[in-house]
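Me: Could you walk me through this structure? I would like to take the chains, their contact and the charged pairs in turn.

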Amino acid sequence: MFHNLQELRQSPSLATKVFIQRDYSEGTVCRFQIKFPSELGSRIERTLFEDTVKTLNTYYAEAEKVGGQSYMEGCLACATAYFIFLCMETRYEKVLKKISGYIQEQNEKIYAPRGLLLTDPVERGMRVIEVSVFEDRGSSGSSPSSNVSSGISQR
Amino acid sequence: MLQLGVAEPMRECEYSQISTRSSTPMETPYKKRTPKKRKWQAFPGRNKFYCNGRIMMARQTGVFYLTLVLILITSGLFFTFDCPFLSVQLTPAIPVIGGVLFVFVLGTLFRTSFSDPGVLPRATPDEAADLERQIDVANGSSSGYRPPPRTKEVVINGQTVKLKYCFTCKIFRPPRASHCSLCDNCVERFDHHCPWVGNCVGKRNYRFFYMFILSLSFLTIFIFAFVITHVILRSHRQGFLNTLKDTPASVLEVVVCFFSVWSIVGLSGFHTYLISSNQTTNEDIKGSWSSKRGKDNYNPYSHGNIFTNCCAALCGPLPPSLIDRRGFVQSDTPQPTPPTNGITMYGSTQSQSHMCVQDQCIQSTKFVLQAAATPLMQSEPVILTDEASLPGRTSLGGPCSGALPLGGQPTPPTSTPNLSCDNGMLPTRNDHSEAHHHMDGVHHHFLTPEEAPSPPGMLPCGSPLGHSHTIQGFYNPASQDSLHEDSVRGLVKLSSV
């Protein structure tokens with residue numbers, strides 16, 4: 001997987017990068033703008049892209065939800081003087097893992113065949129969704145193989 | 001190739017030699033320890049890291065050690081001298097409760113001091129370039145040497161909020177984020193920089209900070225009350241003067257606790273108010289949401305009632321750190337140079353590295369000569385801007401970052417560092433100077449009695465010392481190339497003359 005990713009990244013066919021910015025209209029919660037960028041117009045269907053962004057927004061909303069589970073986690077952590085964070089993974093981290101899995105799947109199924117690559121926003125400080133646009137290699141445009149994984153750095 | 005074993009005072013990192021001539025980055029015959037660098041070692045902000053990146057603090061930690069020493073000594077004296085008497089005379093629950101409070105105080109203090117407050121990583125060159133392009137499109141052609149302050153307006157829950165552009169981090173700051181001039185980082189939901197805990201207080205550690213001051217208030221009141229009780233009970237038996245002779249430590253504890261109580265309990269009260277109205281110290285000091293600004297001015301982040309605000313602040317989800325301190329720096333991802341004319345240049349790593357060394361030589365020499373000609377950069381930003389506007393090469397770090405790409409790692413702002421210093425520091429300083437001066441004022445009434453050392457001052461852009469610091473701060477993490485390092489050293493020496 002890494003081998004293919006390296007090929008994709010080092011190949012000189014990277015044309016440009018498109019950035020989807022954050023949508024702050026609902027406050028500081030993590031949400032990305034669903035506006036479809038014009039540079040992607042020819043590469044991918046609007047609905048597919050918007051669905052991806054909407055699903056990501058749903059995941060982030062779930063991670064940041066202030067509700068029963070987060071209260072329990074917060075109270076338990078407080079009661080243990082926050083020592084519990086040394087051994088327990090927070091809900092937010094669990095959802096972020098789900099999100100990377102989702103992005104990887106989306107890259108494999110939808111974006112790589114169209115010569116695009118989504119970067120997990122967590123690697124860009126949750127500021128942007130970076131879409132790498134690769135040059136169309138001509139016929140079928142599927143030079144990155146379907147095994148391409150998304151760019152997840154070692155953590 | 002030169003081996004650099006530079007031990008930085010901040011980070012104690014070692015530069016492992018990375019070949020820029022060969023195509024395989026693994027040919028490094030002189031590396032000492034691990035072949036790969038961790039991201040904390042290349043972190044652009046002014047932070048200190050310990051335990052291989054697990055612990056993150058501000059640069060000046062002297063006052064934190066003072067806090068720790070005061071807590072340890074006072075509690076230690078209490079447990080040693082007062083508790084034996086009290087547990088026998090009154091109840092053994094006293095040392096138990098005291099012990100629990102003590103452990104809680106230390107736990108929350110360490111959490112506050114050692115964790116990432118919510119630092120926003122700096123923009124990657126691609127992002128920064130994209131933003132620049134958008135801004136140029138919006139403004140028309142660039143208007144000169146000092147670009148106008150860039151703001152974006154956004155409507156949040158019916159209230160118009162201005163998002164400011166951070167010239168240091170090259171991002172539009174999210175709402176409620178602010179740039180800490182002491183740590184040189186943008187921090188989400190920035191509350192204030194607390195020298196007592198040796199760290200910024202922001203989104204990720206605000207609840208720990210609050211629990212720390214709350215539990216410390218309880219501990220202080222607890223110790224104060226029981227030491228007084230101890231002294232009174234003993235005085236009934238043996239007289240006041242004899243008591244003082246027997247337990248001199250109690251006097252010290254009373255003095256420390258007496259002065260601490262006022263300040264810490266006051267601070268806890270203040271932060272309880274902030275939490276219940278969902279404001280940050282920064283916003284409160286600036287009066288961002290005060291009704292004095294206008295009839296329609298209200299806090300768009302408040303949930304409406306005190307209970308929900310408190311729960312959200314204290315029991316809300318804890319977002320993980322965005323800066324990935326312990327991850328490894330990726331050296332295989334090509335990073336294109338930031339463009340000036342809107343056209344991004346992408347190429348294979350090899351050709352870029354080849355270009356890099358040559359261009360770098362020229363660039364470094366140019367820069368050093370420029371530096372020699374301008375003693376104080378701040379007074380003549382013109383020259384540097386001209387440097388910056390050379391087509392194709394905006395940054396000294398640019399070619400380097402091309403050769404030594406840091407995948408996923410935002411490269412520090414080596415392009416026009418002084419320009420960004422000027423712009424990054426001065427406009428935001430206006431925001432922060434108020435906050436910092438007020439914080440000094442708030443902290444002042446426990447600075448006096450406890451004889452704290454003078455609070456860490458901000459490093460002003462103008463002073464040569466601060467200037468060379470800034471340059472070092474900008475340059476050192478930027479490049480791992482020996483040629484660049486040498487030219488930077490020459491530059492620093494020249495500018496500090």
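This is a predicted model: local features need pLDDT of at least 70, side-chain atom pairs count only at pLDDT 80 or more; totals for chains, interfaces and linings use all residues.

Me: Start with chain B. How many helices and strands are there in chain B?

Reply: Chain B has 14 helices and ten strands. Of its 497 residues, 57% count as buried. The accessible surface of chain B is about 20900 Å², and carbon and sulfur atoms account for 63% of that.

Me: And what share of the contacts in chain B joins residues at least 24 apart?

Reply: The share is 69%, taken among contacts between residues at least 6 apart in sequence. As a separate example of a pair in space, Leu214(B) and Thr272(B) are 58 residues apart in sequence, with 9.1 Å from C-alpha to C-alpha. Leu214(B) is in helix H4 of chain B.

Me: Is Leu214(B) buried, partly exposed or exposed?

Reply: Leu214(B) counts as partly exposed because its relative accessible area is 23%, and buried would require under 20%.

Me: Now the sheets. What is the strand order in the sheet that contains S5 of chain B?

Reply: The order is S4-S5-S6 in chain B, an open sheet of three strands with antiparallel pairing. Its edge strands are S4 (151-156) and S6 (171-172), each of which pairs on one side only. Six bridges join S4(B) to S5 (residues 159-166) of chain B. Within this sheet, Glu153(B) stands opposite Lys162(B) in S5(B).

Me: Which strands form the open sheet with S8 in its order?

Reply: That sheet has the order S3-S8-S7 in chain B, and its pairing is antiparallel. Here the edge strands are S3 (119-120) and S7 (178-180) of chain B. S7(B) is joined to S8 (residues 185-187) by three bridges, and Cys180(B) stands opposite Asn185(B) in S8(B).

Me: Changing topic: how many residues does each chain bring to the contact?

Reply: Chain B contributes 49 residues and chain A contributes 44 residues. Together the two chains bury about 3900 Å², 59% of it on carbon and sulfur atoms.

Me: What about polar pairs between chain B and chain A?

Reply: Six residue pairs are in polar contact between chain B and chain A, counting pairs with both residues at pLDDT 80 or more. Elements that give two or more residues to the side of chain B that touches chain A include helix H3 (125-139) and helix H8 (306-315) of chain B. Helix H2(B) gives the most to that side, with five residues.

Me: How many salt bridges are there between the two chains, B and A?

Reply: There are two salt bridges between chain B and chain A, and the count over all chains is 17. Lys17(A) lies in strand S1 (residues 14-21) of chain A and Asp126(B) in helix H3 of chain B, so this pair joins two chains. The side chains of Lys17(A) and Asp126(B) meet at 2.8 Å, N to O. Lys17(A) and Asp126(B) are both buried.

Definitions and conventions. Residues are numbered from 1 along each chain as its sequence is written. Chains are lettered from A and ligands numbered from 1 in the order in which they are written. Side-chain values use heavy atoms; hydrogens and water are left out. Two strands pair if DSSP finds at least two bridges between them. Helices (H or I, at least four residues) and strands (E, at least two) are DSSP runs, numbered from the N terminus. Buried means under 20% relative accessible area, exposed over 50%, partly exposed in between (1.4 Å probe, protein chains only). Contact means heavy atoms within 4.5 Å. Accessible areas come from the Shrake-Rupley method with a 1.4 Å probe; for residues, only the protein chains shown count as cover. Buried area is the accessible area (1.4 Å probe) that two parts lose on being put together, summed over both. A salt bridge is a side-chain nitrogen of Lys or Arg within 4 Å of a carboxyl oxygen of Asp or Glu. A polar contact is a pair of N or O atoms within 3.5 Å; within protein, one must be able to donate a hydrogen and the other to accept it, and residues adjacent in sequence count only if both atoms are side-chain atoms.
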